[in-house]
Amino acid sequence: MGKAGGIIGKRGDIILPSHVMTQKDNSFMKISNQSITKQNLLDAGCAREIHHGNILTVLGTLMQSQEMLAYYQSFWDVVGLEMEASHYLKAIHTAISTNMLAAGINLSMAYYISDTPLKAGQNLSQQLK
């Protein structure tokens, strides 16, 4: 579980990504999320809204551009952004291809929305309700 900026939803919501996209080269990596599902979260008492879609690993400055955020939301079905996932996934895929990890390993990711850069007043400095 990590934190992500939400392009949709509100602070405190949960994102279950289907793919991780890299801003650097627009590459996609699939996430199976077999062990973290909406039903698992609901069964555990999660009262937050749960969103599905792609998550974007950003280089940092994208968060300041509403035009770029809207582009990734509209054309790539990106629902959130973060800064590390694609780097970890590339290392995991390398480990799988060199038989350091089993090919059938279950990769799961979930994020809570820590801020919503497209909505005024929903940033990290605001109290989460």
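Mentor: Let us begin with the elements: helices (H or I, at least four residues) and strands (E, at least two) are DSSP runs, numbered from the N terminus. This is a predicted model, in which local features need pLDDT of at least 70 and side-chain atom pairs count only at pLDDT 80 or more, while totals for chains, interfaces and linings use all residues. Residues are numbered from 1 along each chain as its sequence is written, and side-chain values use heavy atoms, with hydrogens and water left out.

Trainee: How many helices and strands are in the chain, and what pattern does the chain follow along the sequence?

Mentor: The chain has three helices and six strands, and they follow one another as β-β-β-α-β-α-β-α-β.

Trainee: What makes Tyr72 buried or exposed?

Mentor: Buried means under 20% relative accessible area, exposed means over 50%, and partly exposed is in between, with a 1.4 Å probe and protein chains only. The relative accessible area of Tyr72 is 4%, so Tyr72 is buried. In the chain, buried residues make up 40% of the 129 residues.

Trainee: Which residues form one aromatic cluster with Tyr72, and how many aromatic pairs are there?

Mentor: Tyr72 forms one aromatic cluster with Tyr71 and Phe75. Rings of Phe, Tyr and Trp (its six-membered ring) pair if their centres lie within 6.5 Å, and planes under 30 degrees apart count as stacked, over 60 as edge-to-face and the rest as tilted. By this rule there are three aromatic pairs. One of them is Phe28 with Trp76, at 5.5 Å centre to centre and 35 degrees between the planes, which is tilted. Because Phe28 lies in strand S3 (residues 28-30) and Trp76 in helix H2 (residues 66-76), this pair ties together parts that are 48 residues apart in sequence.

Trainee: Why is the pair of Tyr71 and Phe75 called tilted?

Mentor: The ring centres of Tyr71 and Phe75 are 5.3 Å apart and the planes stand at 40 degrees, so the pair is tilted. Tyr71 and Phe75 are four residues apart in helix H2, which means about one helical turn separates them. Tyr71 is partly exposed at 31%, whereas Phe75, at 65%, counts as exposed.

Trainee: What makes Met68, Tyr71 and Phe75 a nonpolar surface patch?

Mentor: Patches are made of residues with over 30% relative accessible area and no salt bridge, where like charges are joined within 9 Å and nonpolar side chains (Val, Leu, Ile, Met, Phe, Trp, Tyr) within 5 Å. Met68 is also found in helix H2, and Met68 has a relative accessible area of 33%, so it is partly exposed. Together, Met68, Tyr71 and Phe75 make a patch of about 310 Å², where accessible areas come from the Shrake-Rupley method with a 1.4 Å probe and, for residues, only the protein chains shown count as cover.

Trainee: How do you know that Lys10 and Asp13 meet in a salt bridge?

Mentor: A salt bridge is a side-chain nitrogen of Lys or Arg within 4 Å of a carboxyl oxygen of Asp or Glu. The N to O distance between Lys10 and Asp13 is 3.3 Å, and the structure holds one salt bridge. Lys10 is partly exposed at 40%, whereas Asp13 is buried at 0%.

Trainee: Which residues have the most contacts inside the largest nonpolar core?

Mentor: A nonpolar core is a set of buried Ala, Val, Leu, Ile, Met, Phe, Trp, Tyr and Cys residues joined through side-chain atoms within 4.5 Å. The largest nonpolar core has 13 residues, and Ile15, Val20, Ile55, Leu89, Met109 and Tyr111 have the most contacts inside it. Strand S2 (14-22), helix H3 (85-97) and strand S6 (111-115) each supply at least two residues of this core. A second, separate core of eight residues includes Val58 and Leu81.

Trainee: What does Val58 touch, and where is Val58 found?

Mentor: Val58 is in the loop between strand S4 (50-57) and H2. Contact means heavy atoms within 4.5 Å, and, not counting residues up to four places away in sequence, Val58 touches Gln23, Leu81, Glu82 and Met83. At 4% relative accessible area, Val58 is buried.
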